[in-house]
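Please read it alongside the sequence and coordinates.

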Amino acid sequence: MTKPSLPDLLHAAVSAVGGTERPGQVAMAEAVAEAIDDNSHLLVQAGTGTGKSLGYLVPALAQGERVVVATATLALQRQLVERDLPRTVDALHPQLRRRPQFAMLKGRSNYLCLHRLHEGVPQDEEEGLFDPFEAAAPTSKLGQDLMRLRDWSDETETGDRDDLTPGVSDRAWAQVSVSSRECLGASKCAYGVECFAEAARERAKLADVVVTNHALLAIDAIEGAPVLPEHEVLIVDEAHELVSRVTGVATGELTPGQVNRAVRRSAKLVDEKVADQLQTAAEGFERVMELALPGRLEEIPEELAYALMALRDAARAVITALGSTRDRSVQDEDAVRKQAMASVETVHGVAERITQGSEYDVVWYERHEPRGGAAYRHSGASLRVAPLTVSGLLREKLFTERSVVLASATLKLGGDFNGVGASLGLAPEGTTGDDLPVWKGIDVGSPFDYPRQGILYVAKHLSRPARDGDRGDMLDELTELMQAAGGRTLGLFSSMRAAQQAAEELRTRVPELPILLQGEDTLGELIKNFAADPKTCLFGTLSLWQGVDVPGPSCQLVVMDKIPFPRPDDPLMSARQKAVEEAGGNGFMAVAATHAALLMAQGAGRLVRATGDRGVVAVLDPRLATARYGSYLKASLPDFWYTTDRNQVRKSLAAIDAASKAANA
């Protein structure tokens with residue numbers, strides 16, 4: 001029997017999802033198939049509208065080996081499992097003569113834990129997080145959520161939190177879920193046979209395609225205990241997010257509230273002397289943290305070093321004692337012990353990591369706004385430790401043993417893939433060596449005609465933004481642009497404070513244009529309301545730079561208040577910049593400019609989401625036109641028509657607004 005051709009398979013899949021076949025999608029599918037056949041690696045930039053999920057799913061399903069697809073967002077996971085995969089499998093089945101199976105796999109805490117649901121949460125003294133009386137009172141929000149969860153547990157097939165609509169609060173979900181460290185294990189748990197998380201793992205073991213998230217991929221790579229089933233091909237979608245997600249998983253944190261929780265959870269299970277040792281160490285740590293000032297700790301101060309060593313030693317003693325004592329008087333002892341062990345092990349692990357010290361780690365204090373939560377009751381400070389870089393880890397753990405395809409609409413920064421490649425642990429494209437992964441980058445373009453569909457406007461006449469400086473001229477410019485556009489504006493701000501100030505000011509200046517502000521409702525509701533009314537504007541920060549997909553006339557002006565460089569006092573970014581400089585490189589370009597280019601490319605990508613979209617990306621920061629690094633940043637953006645002429649851009653916006661009104665009249 002002849003093997004079905006890739007173009008035939010792609011054609012069948014595209015027809016099944018009601019899409020249009022595009023040259024970029026065909027080029028992508030061929031490059032993915034080639035990388036899988038050669039057991040090499042591919043970075044592929046596929047612009048919005050290319051149909052990139054089919055561009056990798058079709059060749060992956062055709063080759064017949066097990067594939068893991070990791071995405072950054074829940075929305076894409078759902079799209080793959082609920083829409084793209086079922087239709088693609090149905091379409092390819094006649095030609096492949098087999099029906100590939102697929103499954104979704106997430107971290108354990110995303111699934112309902114039946115043991116927690118039926119036996120309750122091991123109670124923390126003074127914690128007040130779980131009050132059985134409140135839980136029993138159906139009048140309270142928590143009580144109502146828990147009743148809903150109990151009813152849902154009888155009807156759900158997956159136990160997956162994301163399948164529960166409407167959702168419940170984090171607080172309610174915490175009562176019915178466990179982390180992998182707190183889990184008793186299927187063999188020891190009375191509900192092990194019915195366990196939702198175990199069932200998801202079993203489905204994943206049998207599937208040809210496993211859809212997961214970047215965080216689980218990172219845990220699988222870092223912790224050494226395999227979470228994902230064996231696989232021959234790894235596809236990382238939304239790959240521009242991978243480094244920050246892996247960094248997040250590899251970051252440790254200690255807060256006084258967290259340490260006190262470990263004390264409370266373990267106190268009733270170990271003898272008094274051991275419990276007192278941890279209590280004393282916790283008090284010492286809390287005293288040090290009360291004086292903590294935010295910023296990087298290039299050397300660990302003596303008082304902190306003593307406090308951490310005391311915590312480490314006391315936590316080790318508690319872990320030993322927890323392992324050897326039994327107390328039948330404690331109700332549900334196994335679960336209580338497991339929860340205590342998880343808390344104390346986390347404290348021990350982070351304290352030991354910082355005490356040991358590594359030139360590859362960055363340690364810093366961070367202060368939080370006072371919140372009512374238990375974790376911050378004692379102090380608004382946390383101690384954090386993160387890897388200086390994850391490139392070595394990714395090179396070693398990701399690019400051996402399997403073929404890896406990394407896909408995104410934004411991977412090519414400043415004109416090539418080497419910047420993103422370096423952050424992933426890859427040598428410049430074309431470099432050869434014994435232990436260097438072989439990879440290539442391909443940009444399959446976009447189906448959109450960017451020079452005709454969009455304008456990149458840089459407000460060159462504005463003053464340079466100064467940190468915390470008054471930007472009255474920027475607000476004047478924003479007001480005029482929004483009025484010319486008739487609303488239809490997505491405002492992307494470099495900080496929440498800037499977004500709030502702009503929203504307050506413009507609500508007064510242009511009351512006829514409703515302004516939604518991130519944080520005033522859920523992101524989903526905000527985007528829905530923004531899309532529903534062309535006059536409405538939406539202002540916000542980081543998650544809007546990447547999470548808004550609003551085709552059509554509701555989004556015709558995307559404004560960036562300034563180039564989104566990392567804050568100069570960001571401990572991790574400044575440490576990374578310094579390390580590049582000490583190695584003889586350009587720290588600013590490798591870290592700060594790359595970070596800004598990635599965000600700007602994502603932000604500018606919000607404008608044109610369909611072939612009929614028209615509009616303007618306005619950058620209210622003159623440095624994009626005047627600074628030396630401006631050309632690098634511009635080369636990372638879609639190829640819009642470029643201007644610094646303020647009158648021209650106002651006329652264009654007014655014309656686009658008039659055309660939209662006429663079309664919808």
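Buried means under 20% relative accessible area, exposed means over 50%, and partly exposed covers what lies in between. The model is predicted. E65, at 38% relative accessibility, therefore counts as partly exposed.

**Surface charge**
- E65 is placed in the loop that connects α3 (52-63) with β2 (67-71).
- Together with E230, E232 and E401, E65 forms a negative surface patch.

**Backbone exceptions**
- Most residues other than glycine have a negative phi, and most peptide bonds are trans.
- R97 has a positive phi, near 65 degrees, and is not a glycine.
- R97 sits in the loop between α4 (74-96) and β3 (102-104), and its relative accessible area of 62% makes it exposed.
- E238, also a residue that is not a glycine, has a positive phi of about 50 degrees.
- The loop between β5 (233-236) and α11 (242-249) holds E238, which is buried because its relative accessible area is 15%.
- The peptide bond between T165 and P166 is cis, with omega about -10 degrees.
- P166 belongs to the loop between α7 (141-155) and α8 (170-174).

**A buried helix residue**
- S266 is part of helix α12, which spans residues 256-267.
- With a relative accessible area of 2%, S266 is buried.
- Apart from neighbours within four places in sequence, S266 is in contact with L278, V318, A340 and V344.

Notes. Residues are numbered from 1 along each chain as its sequence is written. This is a predicted model: local features need pLDDT of at least 70, side-chain atom pairs count only at pLDDT 80 or more; totals for chains, interfaces and linings use all residues. Side-chain values use heavy atoms; hydrogens and water are left out. Patches are made of residues with over 30% relative accessible area and no salt bridge: like charges are joined within 9 Å, nonpolar side chains (Val, Leu, Ile, Met, Phe, Trp, Tyr) within 5 Å. Accessible areas come from the Shrake-Rupley method with a 1.4 Å probe; for residues, only the protein chains shown count as cover. A salt bridge is a side-chain nitrogen of Lys or Arg within 4 Å of a carboxyl oxygen of Asp or Glu. Lys and Arg count as positive and Asp and Glu as negative; His and the chain ends are not counted. The place of a charge is taken as NZ of Lys, CZ of Arg, CG of Asp or CD of Glu. Helices (H or I, at least four residues) and strands (E, at least two) are DSSP runs, numbered from the N terminus. Buried means under 20% relative accessible area, exposed over 50%, partly exposed in between (1.4 Å probe, protein chains only). Contact means heavy atoms within 4.5 Å.
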